[in-house]
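Please find below some notes for a colleague who is new to this structure. They are set out as numbered points.

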There are 2 protein chains.
Amino acid sequence: MTTSFLAALQALLDPAGILTDETALAGYCLDQRRRYRGQALAVARPRSCEEVAAVVRLCAEHGVPIVPQGGNTGNCGAATPDESGSALILSLERMNRILEVDADNNTITVETGVILADAQAAARAAGRLLAADWAAAASCQIGGALAVNAGGVNVLRYGNMREQTLGLEVVLASGEIWGGLRALRKDNTGYDLKQLFIGAEGTLGIITRAVLRLFPLPTAQALALVAFPDPDAALALLRDLQGRVGDRVTSFELIGQPCLELLAKHFPQLPQPFSPAPQWLALIELSDCGDSAELSDKLIEALAESEIEDAVLARNAAESEALWRLREEIAEAQRREGVSIKHDISLPVSRVPAFLAECGPKLQAEFPDAQIVAFGHLGDGNLHYNVFRADKSQAAYQAEAAINAIVYGCVTQLGGSISAEHGIGQLKVDALTQYRSKLELDLMRGIKQLLDPQNLMNPGKVLRF
Amino acid sequence: MTTSFLAALQALLDPAGILTDETALAGYCLDQRRRYRGQALAVARPRSCEEVAAVVRLCAEHGVPIVPQGGNTGNCGAATPDESGSALILSLERMNRILEVDADNNTITVETGVILADAQAAARAAGRLLAADWAAAASCQIGGALAVNAGGVNVLRYGNMREQTLGLEVVLASGEIWGGLRALRKDNTGYDLKQLFIGAEGTLGIITRAVLRLFPLPTAQALALVAFPDPDAALALLRDLQGRVGDRVTSFELIGQPCLELLAKHFPQLPQPFSPAPQWLALIELSDCGDSAELSDKLIEALAESEIEDAVLARNAAESEALWRLREEIAEAQRREGVSIKHDISLPVSRVPAFLAECGPKLQAEFPDAQIVAFGHLGDGNLHYNVFRADKSQAAYQAEAAINAIVYGCVTQLGGSISAEHGIGQLKVDALTQYRSKLELDLMRGIKQLLDPQNLMNPGKVLRF
């Protein structure tokens, strides 16, 4: 059966469109956190929506599961096949054309294999901003970003991928192509089908093209790294700043002291402005049209009248970049340190301080060696809340269930979410069944069965049957 | 059967919770455009989500269709029952409590029978902006606004209702209550169920509570009414302004000359600044934190360097209000004038001038007496494009199909939508089947059948079976 499937696949695609060699497959079968290692029949690398549709139809005929894959930078294993080796990985990497930048409509149209940084550059060349941005921008793809409804450092001002999406083209499980590639800011013609596919992690269809919003390109920036005694003080400054300058506050990134210790250890070449390291920092960026000096003045004014411990302002682009690197290398510093139990959670912004005050002591009561590395997007109520133990080997995963129970318990009690911007993938399938109601899970399963009755689209991800 | 249903309904609700008297029903059975007049068994006026659920369960048992109704200000007859008299109208008007304003989380939680203007006022009292705003704000309800994914005059800056919604509570067709009342800016835990109900016009469930985003309250405004020779010049100014001041451009409302003539006729007391009336006007509002004078300076600077014909700036709140009334009374002036064939369409912003240049001549070639009253939200590509004939009685509807074919043909060819912000209701059910693909309609029908297998939730609206 496998042989006839592969032969038929070969007839659909050009020679470079199929990889079957074990060495070539290895990278596609391992997730970037090196937590999930799967097996696959092959990797298909179609070049067009029509080729994707042909591959999907072939898989439907042969009952072959499909695992769509973008830049393979996800955090929850959504793009990694299981160990059975029965699935086909469908990589969008060759569908990387930027199709149109319409500056007058403030939109960009792309194939979904386009690297985020390339789309950002194309927008910038037209004097526009593609607001989606996060640490993996240089390697992640638009399709993956849509599949997990990715967030990042500009959500406070510009929203998640969902809010930035105007239209989609999607290959359905049947192999039919849904042409929803509209470039409209208002369109109320029945149910908004595109919303189903955004954040569905490839379980309902494969997004092949997208129209994304662009914004006026900010010409002014002001960036400060600010030290606080506690998260309440950071939240107070955020609210004060928003009152003064509104949505010019584009990033407000909270960084806990243990992050700074990891950075000092693994990135000693990165200068840290404060010594000793303060309990909490926030990296605050304002952006606007017009003049940077004016924006800096407003930031300095707000800082002068607030309850902060200390602050440094970036005086130029190089200093800006150095401060941003402190934020962006936290993920890599953690990776070098070893295994931690990671949580990507969100809360009402007003309840972030309560969460931090409650959850840490609860964890340390049960696990006295727990060290909490917390950072994230305070302005969106989104924390990356990671727990290291003394043993940082794979053995650390043994306590995962118990640690998750404490963290997710606190999150749920405060009205929060167990996945803010990384999705569910494989990692949180069980947690989802625990923290979402039966009614919700039944609705989701109903939608899945409606759109993918054979359960071939990224099976085992998001929902368990 | 009807008697036993009504008796059972009476047992569920308080005496004021049911209206059966014909006089009392009349207003609920007539849509605000006076185009649709239906009949109903009764009006149920529950006071809580639990009462709504009980009514829905009773209707499911008795096979009674439900027509949910908010402020009854919709434009497409979605809230009006058919003429059979078999349906129950479920009015949310007594569910009008504002449940919470969380200024630190920038959210407001309301029952969906709350009048939009009341929610705006509650937000303002907490120093926050509820951005949803349009002419019917003083009488429409939040639930209706969510049901049609309403737009309005601030979409350019703040988005439609969909973009402003963080969480919903919904009574499903089964009478079960889905508790999705989350107040989170990031939440990627499976399929985003709330998106199904927003814009579904009550055909998939009844939204009983909602959490909406709030924004920093702007303290500065600048408003100008600007005359242009053509829509291209208006679009050029919009782009120039966005480059200069970014998202401080909160409204950019285009007004065609015939609107001004209707205003002069039906609202002679409203002063019109330009004489003779120019071909095109735009009402442009900038808003921001900080100081109004600074904002006005920026607007004046942009106007001075642009290709406009003339402009007036509002010097104070009273002048602002007078200019806004010109925009907001267009709908009432049209109503007083008589019957027109209305279209609420959207296009890529860059294609609005092309649409206006193409569609008018095509209409007038076929209907030499056609007068086009066009106005709308240029910044979102949304036009209200209404066609009067010499005969402005109900007889004018005779040409509706032919006129729609021309207008929707031009819209479709330019990648636009036949319903931008008013939804489908009864008015556009047939048009939807014509201008959306079979695949899309099948997907929508599948969703409808999944969520409302008995087809009792606002049947006949949005989709025809």
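1. The largest nonpolar core has 88 residues, a core being a set of buried (under 20% relative accessible area, 1.4 Å probe, protein chains only) Ala, Val, Leu, Ile, Met, Phe, Trp, Tyr and Cys residues joined through side-chain atoms within 4.5 Å. Those with the most contacts inside this core are Leu168(A), Phe197(A), Leu168(B) and Phe197(B).

2. This is a predicted model, in which local features need pLDDT of at least 70 and side-chain atom pairs count only at pLDDT 80 or more, while totals for chains, interfaces and linings use all residues. Residues are numbered from 1 along each chain as its sequence is written, chains are lettered from A and ligands numbered from 1 in the order in which they are written, and side-chain values use heavy atoms, leaving out hydrogens and water.

3. Leaving aside neighbours within four places in sequence, Leu168(A) is in contact (heavy atoms within 4.5 Å) with residues including Leu146(A), Trp178(A), Phe197(A) and Ile207(A).

4. Between them, chain B and chain A bury about 6,500 Å², 55% of it on carbon and sulfur atoms; buried area is the accessible area (1.4 Å probe) that two parts lose on being put together, summed over both. Of the area that chain B buries against chain A, Lys186(B), Asn188(B) and Tyr191(B) supply 16%, more than any other three residues.

5. The rule finds 16 salt bridges across the interface of chain B and chain A, each a side-chain nitrogen of Lys or Arg within 4 Å of a carboxyl oxygen of Asp or Glu. One of them joins Lys186(A) to Asp380(B) at 3.4 Å, N to O.

Note on methods: Buried means under 20% relative accessible area, exposed over 50%, partly exposed in between (1.4 Å probe, protein chains only).
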